[in-house]
Amino acid sequence: YSRSQLLVHHMLHALGCLLTRVSMLQMHLVITTQAAQSAVVALGIVGAGTNNARLAGILRNLASYYYKEPSLLFLVRTAQGLTHMGKGLIGLTPYHTDKQLLSGVALSGLLAVLTACQDLKDTIGAKHHYLLYCLATAMKPRMLLTVDNEGQLLSVPVRVGQAVDVVAQAGRPKTITGFQTHTTPVLMSAGERAELGTEKYLPLTPILEGTVILKPNPDYVEVTE
């Protein structure tokens, strides 16, 4: 295995341990404080930036249930903040460039928090709550912004749909399916891909995500009816 694959494996293993404790909570078994803490943090990390209504309801119920336990209440509030991170405009992911590249810095930030969650009582739940700042390395905007060469916002039509794997396919196959046309800025969900919906501008990058710089197409001729 490559180094990045091993890091991803360790991250998934650590997150799997936390999610196991979530399933224990759902089965209403006798749960220790440490298991409850890990489950709450796992809910926050998995649902980071999703604004998921069901998850938000679960965390509100946990906040009212643990109102007399300061350490657990702090973690519940942290999970709520992660769920509504950036009002749903920011997510946590180590991948970028249409999930083709892995950021080692972002992955190390996630791993640092997940490793600390193995002993929440003496780390994040105690005096080392600043370790949560490591998550900032994995924060990534979920919206697509288009700007010109001077950084001014441009509103252009884009097609957003489910991404299609076109690796090793001949010709120019469609890269998205079931698309809808929106005007930037636009919010993109997980598994979605965007294409420019006009020939008036040319993107300086082949992958449309985050902030994309557009330049005028010198060969564009506007058709008037």
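Colleague: What conventions apply to the numbering and to the side-chain values, and what pLDDT do side-chain atom pairs need?

Modeller: Residues are numbered from 1 along each chain as its sequence is written, and side-chain values use heavy atoms, with hydrogens and water left out. Because the model is predicted, local features need pLDDT of at least 70, while totals for chains, interfaces and linings use all residues, and side-chain atom pairs count only at pLDDT 80 or more.

Colleague: How many helices and strands does the protein have?

Modeller: Helices (H or I, at least four residues) and strands (E, at least two) are taken as DSSP runs, numbered from the N terminus. On that basis the protein has five helices and 11 strands.

Colleague: In the open sheet of three strands, what is the strand order, and which are the edge strands?

Modeller: Two strands count as paired if DSSP finds at least two bridges between them, and strand 6 (residues 157-163) is joined to strand 7 by six bridges in the antiparallel sense, with Val 158 opposite His 182. The order of this open sheet is 7-6-9, with antiparallel pairing. Each edge strand pairs on one side only, and these are strand 7 (176-183) and strand 9 (192-196).

Colleague: Which residues touch the most other members of the largest nonpolar core?

Modeller: A nonpolar core is a set of buried Ala, Val, Leu, Ile, Met, Phe, Trp, Tyr and Cys residues joined through side-chain atoms within 4.5 Å, where buried means under 20% relative accessible area, exposed over 50% and partly exposed in between (1.4 Å probe, protein chains only). Helix 2 (33-46), helix 3 (53-65), helix 4 (70-83) and helix 5 (104-116) each give two or more residues to this core. Of its 28 residues, those that touch the most other members are Leu 62, Leu 92 and Ile 124.

Colleague: What distance separates the end C-alpha atoms of helix 5?

Modeller: The buried residues of helix 5 include Leu 107, Leu 110 and Leu 114. The expected span of a helix is 1.5 Å times one less than its number of residues, so the 13 residues of helix 5 should span 18 Å, and in agreement with this its end C-alpha atoms are separated by 18 Å.

Colleague: Is Cys 117 buried or exposed, and how many disulfides are found?

Modeller: Cys 117 counts as buried because its relative accessibility is 0%, whereas Cys 134 is partly exposed at 25%. With a disulfide taken as a pair of cysteine sulfur atoms within 2.5 Å, the number found in a search of the whole structure is zero.

Colleague: Which residues does Asn 217 touch?

Modeller: Asn 217 is found in the segment after strand 11 and counts as buried because its relative accessible area is 17%. Its C-alpha atom is separated by 5.7 Å from that of Leu 202, 15 residues apart along the chain. With contact meaning heavy atoms within 4.5 Å, and not counting residues up to four places away in sequence, Asn 217 touches Glu 199, Lys 200, Tyr 201 and Leu 202.
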